[in-house]
Amino acid sequence: MSADRPAPFSPERATRDEFVRKATLGRLRQALAAELGGVDESAAQGFDLSCAAKPRKLFGRGGGGPHFVARFVTRVDRAAVREAWAMAVKAEARSEICVFLIGDALAPVRELADAVAEQRRRAKAAADTW
């Protein structure tokens, strides 16, 4: 196959990928809204979804809950965890951030656990220096 000719069925795959992406984000929005009693969405650079629980001021706490971000990646691996973690910290300075990484392929559990542990150690070390 020549380099200037697209792969067979590439338009169909792109359409499928966009459909799955929209459906996944819609379902994630529904689940978060149902669990949290509603969410306020905001923009966060590098993420496909960014939201937080709607603040409850009457007889409840006034916000301050976790912030949720979601990102589609080709493969959920150490590099994706590092990149998403760094972007999440920049996007939202809150102490509680929940990151959803969604991809077609998944690295081994041990690799992912090590990557998360490494990011937690770095965050703790940075917090201790302040």
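## Elements of the chain

Three helices and four strands make up the secondary structure of the chain in this predicted model. Read from the N terminus, the elements follow the order α-β-β-β-α-β-α.

The chain has 130 residues, and 25% of them are buried. It exposes about 9300 Å², of which 56% comes from carbon and sulfur atoms. When contacts between residues at least 6 apart in sequence are considered, 56% of them join residues at least 24 apart.

## The sheet

The four strands form an open sheet in the order β1-β2-β3-β4, and the pairing is mixed. At the edges lie β1 (39–41) and β4 (97–106), each of which pairs on one side only. From one strand to the next, the twist averages 30 degrees.

Strand β3 covers residues 67–76 and runs parallel to β4, with nine bridges joining the two. Within this pairing, R71 has L101 of β4 as its bridge partner.

## Helix α1

Helix α1 takes in residues 10–36, a run of 27 residues.

Just after α1 comes G37, which takes a positive phi of about 80 degrees.

## E118 in helix α3

Helix α3 spans residues 109–129, and E118 is found in it. The relative accessible area of E118 is 13%; because buried means under 20%, E118 counts as buried.

Which residues does E118 contact, leaving aside its neighbours within four places in sequence? They are R78 and R82. With R78 there is also a polar contact between the two side chains, at 3.3 Å.

## Summary of the main points

In helix α3, E118 is a buried residue whose side chain makes a polar contact with the side chain of R78.

Note on methods:
Residues numbered from 1 in each chain as written. Predicted model: local features only at pLDDT ≥ 70, side-chain atom pairs only at ≥ 80, totals over all residues. Heavy atoms only, no water. Pairing = 2+ DSSP bridges. Axes fitted to C-alpha atoms, helices over the stretch in contact; angles between N-to-C directions. Buried < 20%, exposed > 50% of the residue type's maximum accessible area, 1.4 Å probe, protein only. Contact = heavy atoms within 4.5 Å. Areas by Shrake-Rupley, 256 points an atom, 1.4 Å probe, with all protein chains shown as cover. Expected span 1.5 Å × (residues − 1). Polar contact = N/O pair within 3.5 Å; in protein donor to acceptor, adjacent residues only side chain to side chain.
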